[in-house]
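Here is a short report for a reader new to this structure. Look at the sequence and the model first, then read on.

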Amino acid sequence: MGNGIVEALKKEFEIEDEWVSYEIHPETPKEGVRLEERFSVASLEQMQRRLRESGRAFELSFGNLELLSNSRLALMASEYARDQGVFHDFHRRIFDAYFRACEDIGNMEVLLHIADQCGLMQNELQAALLDLRYMPRLEQALREGEQYGVTGTPTFIINDTYKVVGAQPFEVFRNALHKISEGHVE
């Protein structure tokens with residue numbers, strides 16, 4: 001969703017985007033946790049309804065999520081993809097696998113399959129995930145997120161000062177960028 005927002009904004013504003021691999025729920029067990037164990041039925045229904053409504057504007061569809069995946073491996077894999085020059089393609093495919101196809105992106109086999117779709121070497125990615133070489137980046141992102149008060153994703157930090165949390169309506173972002181361009185940052 002965040003990517004759709006950013007791409008739409010780029011049509012109106014001259015912006016540079018930098019994506020940070022931020023682990024929002026590091027306490028999630030390796031095998032993930034069923035969403036119904038973490039959220040009430042009403043909260044889940046509301047969350048899924050909001051996702052579908054927000055996604056329509058960007059032609060995104062969502063499946064019926066049942067699992068909160070442990071995202072650590074997916075985030076490390078994203079960093080590997082960044083180093084290989086295919087971060088955006090990999091990120092888009094991870095998003096699609098999790099939110100549309102409802103696959104467990106904490107599962108190594110799922111990640112290796114996505115890597116293959118992006119032209120990445122599965123054995124190299126697997127080695128990078130097993131030796132945890134990208135953990136320092138995730139730890140740095142966590143520290144930065146704490147400095148900015150990040151509590152959910154997506155969180156957009158604009159010009160290191162203005163923060164927009166969540167999949168907000170497009171107008172929220174447009175208004176924020178107009179305020180910044182006019183020098184009215186709150």
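## A salt bridge within one helix

Aspartate 89 and arginine 92 form a salt bridge, with their closest N and O atoms 2.9 Å apart. The model shown here is predicted. Both residues sit in helix 5 (residues 87-100). They are three residues apart, so about one helical turn separates them.

How exposed is each partner? Aspartate 89 is partly exposed, at 24% relative accessibility. Arginine 92 is also partly exposed, with a relative accessible area of 44%.

The whole structure holds 15 salt bridges. One of them joins the side chains of arginine 137 and glutamate 79, at 2.9 Å from N to O. Arginine 137 belongs to helix 8 (residues 135-148), and glutamate 79 to helix 4 (residues 72-83). The pair therefore ties together parts that are 58 residues apart in sequence.

Glutamate 79 has 5% relative accessibility. Buried means under 20%, so glutamate 79 counts as buried. Arginine 137 is partly exposed, with a relative accessible area of 33%.

This pair is part of a network. Salt bridges link Glu79, Arg82, Asp83 and Arg137.

## Another charged pair

Aspartate 131 and arginine 133 also meet through their side chains. Their salt bridge spans 2.7 Å from N to O. Aspartate 131 is partly exposed, with a relative accessible area of 44%. Arginine 133 is partly exposed as well, at 42% relative accessibility.

## A hairpin of two strands

Strand 3 (residues 155-158) pairs with strand 4 (residues 162-165). The pairing is antiparallel and runs over four bridges. Three residues lie between the strands, which form a hairpin. In the turn, asparagine 159 has a positive phi of about 55 degrees.

Which residues face each other across the pair? Phenylalanine 156 stands opposite valine 164 in strand 4. Isoleucine 157 has lysine 163 as its bridge partner.

Each strand has two faces. In strand 3, Phe156 and Ile158 make up the covered face, while Thr155 and Ile157 make up the uncovered one. In strand 4, side chains alternate too: Tyr162 and Val164 point to one face and are buried.

## A buried glutamine

Glutamine 48 lies in helix 3 (residues 41-56). Is this residue buried or exposed? At 10% relative accessibility, glutamine 48 counts as buried.

What does glutamine 48 touch beyond its neighbours within four places in sequence? Its contacts there are Gly63, Asn64 and Leu65.

Methods: Residues are numbered from 1 along each chain as its sequence is written. This is a predicted model: local features need pLDDT of at least 70, side-chain atom pairs count only at pLDDT 80 or more; totals for chains, interfaces and linings use all residues. Side-chain values use heavy atoms; hydrogens and water are left out. Buried means under 20% relative accessible area, exposed over 50%, partly exposed in between (1.4 Å probe, protein chains only). Contact means heavy atoms within 4.5 Å. Two strands pair if DSSP finds at least two bridges between them. A salt bridge is a side-chain nitrogen of Lys or Arg within 4 Å of a carboxyl oxygen of Asp or Glu.
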